[in-house]
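Hi,

Here is the structure I promised to pass on.

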Amino acid sequence: MGTIIDSHQHFWRTGVTVQPWLDSRAHGVLTAAFEPDDLRQSFGDRRVDGTILMASVDESRENDR
């Protein structure tokens with residue numbers, strides 16, 4: 001089997017960085033923080049060789065985080 005890449009994913013920390021797109025009424029479970037360990041757990045027993053991280057906030061300091 002070839003390499004498996006998750007081609008689009010985000011991390012965010014609720015309450016640390018303002019996420020203008022994140023509305024608790026519309027996004028439910030997404031209003032909780034989502035970090036690398038959460039992503040690993042979401043894969044379960046599926047093999048994923050890598051991911052492509054997308055910014056979740058449109059500002060330059062997001063690159064440092």
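I'll start with glutamine 19, which touches Trp12, Ser56 and Val57 once residues up to four places away in sequence are left out (contact means heavy atoms within 4.5 Å). Glutamine 19 sits in the loop between strand E1 (5-9) and helix H1 (24-27); helices (H or I, at least four residues) and strands (E, at least two) are DSSP runs, numbered from the N terminus. At 8% relative accessibility, glutamine 19 is buried, where buried means under 20% relative accessible area, exposed over 50%, and partly exposed in between (1.4 Å probe, protein chains only). Its C-alpha atom is separated by 28 Å from that of aspartate 49, 30 residues away along the chain.

Some housekeeping before the rest. This is a predicted model, in which local features need pLDDT of at least 70 and side-chain atom pairs count only at pLDDT 80 or more, while totals for chains, interfaces and linings use all residues. Residues are numbered from 1 along each chain as its sequence is written, and side-chain values use heavy atoms, with hydrogens and water left out.

On confidence, pLDDT (the predictor's confidence in each residue, from 0 to 100) averages 82 over the protein chain, and 92% of the residues score at least 70. Where pLDDT is low, the predicted coordinates should not be read in detail.

As for the overall layout, the chain has 3 helices and 2 strands, running β-α-α-β-α from the N terminus on. The C-alpha trace spans about 40 × 25 × 15 Å along its principal axes. Of the 65 residues, 18% are buried. Among contacts between residues at least 6 apart in sequence, 67% join residues at least 24 apart.

Now the rings. They pair if the centres of Phe, Tyr or Trp rings (for Trp, its six-membered ring) lie within 6.5 Å; planes under 30 degrees apart count as stacked, over 60 as edge-to-face and the rest as tilted. By this rule there are 2 aromatic pairs. In one of them, phenylalanine 11 and phenylalanine 34 are stacked, at 6.4 Å centre to centre and 25° between the planes. This pair links distant parts of the chain, 23 residues apart: phenylalanine 11 is in the loop between E1 and H1, phenylalanine 34 in the loop between H1 and H2. Phenylalanine 11 is buried, at 14% relative accessible area, whereas phenylalanine 34 is partly exposed at 22%. Ring pairs join Phe11, Trp12 and Phe34 into a cluster.

There are also 2 salt bridges, each a side-chain nitrogen of Lys or Arg within 4 Å of a carboxyl oxygen of Asp or Glu. One is between aspartate 37 and arginine 40 (2.5 Å, N to O). These two are about one helical turn apart, because aspartate 37 and arginine 40 are 3 residues apart in helix H2, and both are exposed. Aspartate 49 and arginine 47 also meet in a salt bridge (2.7 Å, N to O). Aspartate 49 is partly exposed at 42% relative accessible area, and arginine 47 is partly exposed at 40%.

Over to you!
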